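Good morning, everyone. Please look at the screen, and I will walk you through one protein.

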Amino acid sequence: MTKENNSRENGSMASNMEEVKQLGKQMEKLRDERELNQDERVADPSQHDHAPETEKRED
């Protein structure tokens with residue numbers, strides 16, 4: 001991401017320290033598995049082929 005081009009590329013790394021700090025703040029706000037369970041939520045599934053199947057909630 002350059003000053004001329006403000007669009008982000010998927011999978012690209014942070015290009016400067018300001019972006020690293022911003023990403024760090026976003027990560028601090030992420031909830032852990034315990035907090036997600038309290039809200040009856042499920043974390044994003046693992047991104048690999050051997051990930052366990054997620055269970056569908058019955059409402």
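Is Asp39 buried, exposed or partly exposed? Asp39 is partly exposed, because its relative accessible area is 42%. The cut-offs: buried is under 20% relative accessible area, exposed is over 50%, and partly exposed is in between, with a 1.4 Å probe and protein chains only.

A word on the source. This is a predicted model, where local features need pLDDT of at least 70 and side-chain atom pairs count only at pLDDT 80 or more, while totals for chains, interfaces and linings use all residues. Residues are numbered from 1 along each chain as its sequence is written, and side-chain values use heavy atoms, leaving out hydrogens and water.

Back to Asp39. Its salt-bridge partner is Arg31, with the closest N and O atoms 2.4 Å apart. A salt bridge means a side-chain nitrogen of Lys or Arg within 4 Å of a carboxyl oxygen of Asp or Glu. Arg31 is partly exposed too, at 40%.

The structure has two salt bridges. Asp32 and Arg34 also form one, at 3.9 Å from N to O. Asp32 is partly exposed at 37%. Arg34 is exposed at 52%.

Now the helices. The protein has two helices and zero strands. Both kinds are DSSP runs, numbered from the N terminus: helices are H or I with at least four residues, strands are E with at least two.

Glu33 sits in helix H2, residues 33-38. Glu33 is exposed, at 59%. Glu19 sits in helix H1, residues 17-29. Glu19 is buried, because its relative accessibility is 8%. Of the protein's 59 residues, 5% count as buried.
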